[in-house]
Amino acid sequence: MRWSKVFNTRKLAGSPLEAAKKIVVFGGGSFGTAMGCALARQKPDLEVVLLVRDPYLCKDINQLHENTRYLKGFKMPPNVRATTHAPEAIVGAQYAVHAVPVQSSRAFLQGIKEYLPSSVPIICVSKGLEVGSGQMMSELIPSALERKQPAVFLSGPSFAKEVMQNRPTGVVAACKDAKLARTVQALFASPTMRVNTTTDVVGVEICGALKNVLAIAAGIVEGMDLGHNALAALIAQGCSEIRWLAEKLGAKPTTMSGLSGLGDIMLTCYGDLSRNRSVGMRLGRGERLEDIIASSSQVAEGVATAGVVVGLARKYRVSLPVLTAVAQVLDNNLTAREAVFHIMNLPQIEEA
Ligand SMILES: NC(=O)c1ccc[n+]([C@@H]2O[C@H](COP(=O)([O-])OP(=O)(O)OC[C@H]3O[C@@H](n4cnc5c(N)ncnc54)[C@H](O)[C@@H]3O)[C@@H](O)[C@H]2O)c1
Ligand SMILES: O=P(O)(O)OC[C@H](O)CO
């Protein structure tokens with residue numbers, strides 16, 4: 001009740017949502033679609049354009065008002081449409097929501113940079129670290145565009161399906177420019193979406209990337225049927241490891257206990273809808289990674305990010321037994337059973 005009162009007073013004329021006429025969404029997968037629809041539901045005359053690659057999916061979205069590949073069975077608001085034509089998608093847009101998987105983001109951004117004015121804020125929802133460069137999205141975006149671009153990093157516990165169902169969700173908008181973070185807060189805030197703000201971009205990004213790796217570990221424990229005790233101990237250890245690395249990178253401790261930290265860790269490690277957790281579950285049951293990836297049409301960012309974490313652990317001289325064991329299992333250097341044995345037989349420690 002209190003939320004909706006705040007919401008009603010905030011949505012006065014002159015708000016960012018009121019001023020917005022068109023928003024482009026890069027990537028018409030599950031989360032791009034869900035966040036595009038969340039915006040479109042708030043303002044029927046807002047034009048939301050999904051930039052997609054597949055002309056068949058594009059046709060379905062425009063004719064059936066349904067994303068038949070990524071969110072089958074959900075009707076999309078009539079003010080959401082799709083196109084495969086980047087210049088047409090981008091022209092006149094006041095904001096760009098970036099929902100392309102991290103490993104494809106550099107090539108994607110290089111491809112559209114000439115059409116995207118340098119003043120248009122990117123609202124990045126992708127979570128992960130780039131293989132090779134080790135960069136976070138806040139580093140990758142200016143690097144790929146070869147210029148400064150205003151960017152906000154929106155993260156937190158938010159399964160696409162539940163956003164699409166308009167179920168209550170809380171996220172955090174991170175930007176060094178607090179005013180821009182508040183603009184994005186006002187854009188997405190609704191009676192079913194709470195948006196906190198922070199200037200801790202590094203903290204929000206590292207938590208969002210590493211929780212995917214931890215969710216794979218949680219899935220492995222679940223898939224091996226090791227029990228509730230093991231799962232809780234693993235997640236607690238994983239939280240410590242994320243905190244150790246995040247602190248080295250300059251993240252704020254409060255971010256760890258916030259929506260993008262603990263909130264998203266809990267959702268992804270325990271929630272059945274997590275793709276990363278389900279990759280882990282299948283690994284824990286003995287399936288091969290190649291087969292799991294071949295049978296899935298959706299991205300599990302933790303698979304690529306796990307390898308990057310090994311490099312970060314080395315670079316910042318921090319011991320991350322659980323997170324680095326995930327990379328070892330994914331690379332076939334350890335079986336899931338060996339990884340568990342290895343972690344259980346590490347020296348007993350004082351809690352830190
Ligand atoms: N699904 C969720 O619940 C959720 C929630 C929060 C954040 N995220 C993050 O959002 C990002 C996108 O995830 P998703 O769930 O939408 O993924 P998805 O697998 O459902 O869809 C990915 C989309 O990106 C497109 N794509 C892939 N490579 C591309 C390229 N080179 N150029 C252009 N488009 C390309 C695909 O065609 C597809 O439309 C990920 O980083 C994910 O971690 C997802
Ligand atoms: O399905 P996952 O594992 O990619 O997780 C989705 C979101 O990041 C949850 O907040």
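This is a predicted model: local features need pLDDT of at least 70, side-chain atom pairs count only at pLDDT 80 or more; totals for chains, interfaces and linings use all residues.
**Entry 1: the annotated site**

I began with the UniProt record, an unreviewed entry, whose "binding site" annotation covers Lys127, Arg275 and Asn276. These residues span 150 positions in sequence, yet no two of their C-alpha atoms are more than 12.9 Å apart, so they gather at one spot.

I then asked where Lys127 sits, and found this residue in the loop between strand 5 (122–124) and helix 7 (137–145). Is Lys127 buried or exposed? I count Lys127 as buried, because there are 30 C-beta neighbours inside 10 Å, where 20 or more is the cut-off. Setting aside neighbours within four places in sequence, I found Lys127 in contact with Ser155, Gly208, Ala209, Asn212 and Glu301.

Arg275 I located in helix 14, which covers residues 275–284. Arg275 also counts as buried, since 21 C-beta neighbours lie inside 10 Å. With neighbours within four places in sequence left out again, Arg275 is in contact with Gln298 and Ala300.

Next I traced the strands and found an open sheet of eight, in the order 3-2-1-4-5-6-7-8 and with mixed pairing. Which strands form the edges? They are strand 3 (80–83) and strand 8 (193–198), each of which pairs on one side only. On average, and with direction ignored, neighbouring strands of this sheet are turned by 25 degrees against each other.

I checked two helices against this sheet. Helix 4 (residues 55–64) packs on the sheet and touches strand 2 (47–51) and strand 3, with its direction at about 155 degrees to that of strand 3. Helix 7 packs on the sheet as well, touching strand 5 and strand 6, and its direction makes about 145 degrees with that of strand 6.

**Entry 2: strands 5 and 6**

Strand 5 and strand 6 run parallel and are joined by three bridges; among the partners, Ile122 is bridged to Ala151, and Ile123 to Val152.

Five of the five residues of strand 6 are buried, so this strand is largely enclosed by the rest of the structure. In a regular strand the side chains alternate between the two faces of the sheet. In strand 6, I saw Ala151, Phe153 and Ser155 pointing one way and Val152 and Leu154 the other, and all are buried.

**Entry 3: strands 1 and 2**

Towards the other end of the strand order I examined strand 1 (residues 22–26), which runs parallel to strand 2 and is joined to it by five bridges. Phe26 stands opposite Leu51 in strand 2. Strand 2 is mostly covered, with four of its five residues buried.

**Entry 4: helices 10 and 13**

Lastly I followed helix 10 (residues 201–223), whose axis comes within 9 Å of that of helix 13 (residues 259–270) and crosses it at roughly 25 degrees. Angles under 35 degrees count as roughly parallel, so helix 10 is roughly parallel to helix 13. I noted the crossing as right-handed.

Which residues meet between the two helices? From helix 10 they are Val204, Cys207, Gly208, Lys211, Asn212, Leu214, Ala215 and Ala218, and from helix 13 they are Ser260, Gly261, Asp264, Ile265, Thr268 and Cys269.

Note on methods: Residues are numbered from 1 along each chain as its sequence is written. Chains are lettered from A and ligands numbered from 1 in the order in which they are written. UniProt positions are given in the numbering used here, feature names are shortened, and annotations may be inferred rather than shown by experiment. A residue is buried if 20 or more other C-beta atoms lie within 10 Å of its own, exposed if 12 or fewer, and partly exposed in between; C-beta atoms are placed from the backbone. Two residues are in contact if their C-beta atoms, placed from the backbone, lie within 7 Å. Two strands pair if DSSP finds at least two bridges between them. Axes are lines fitted to C-alpha atoms, for helices over the stretch in contact, and angles run from 0 to 180 degrees between N-to-C directions. Angles under 35 degrees count as roughly parallel, over 145 as roughly antiparallel, 65 to 115 as roughly perpendicular and the rest as oblique. A crossing is left-handed if the near helix is turned anticlockwise from the far one by less than a right angle, and right-handed if clockwise.
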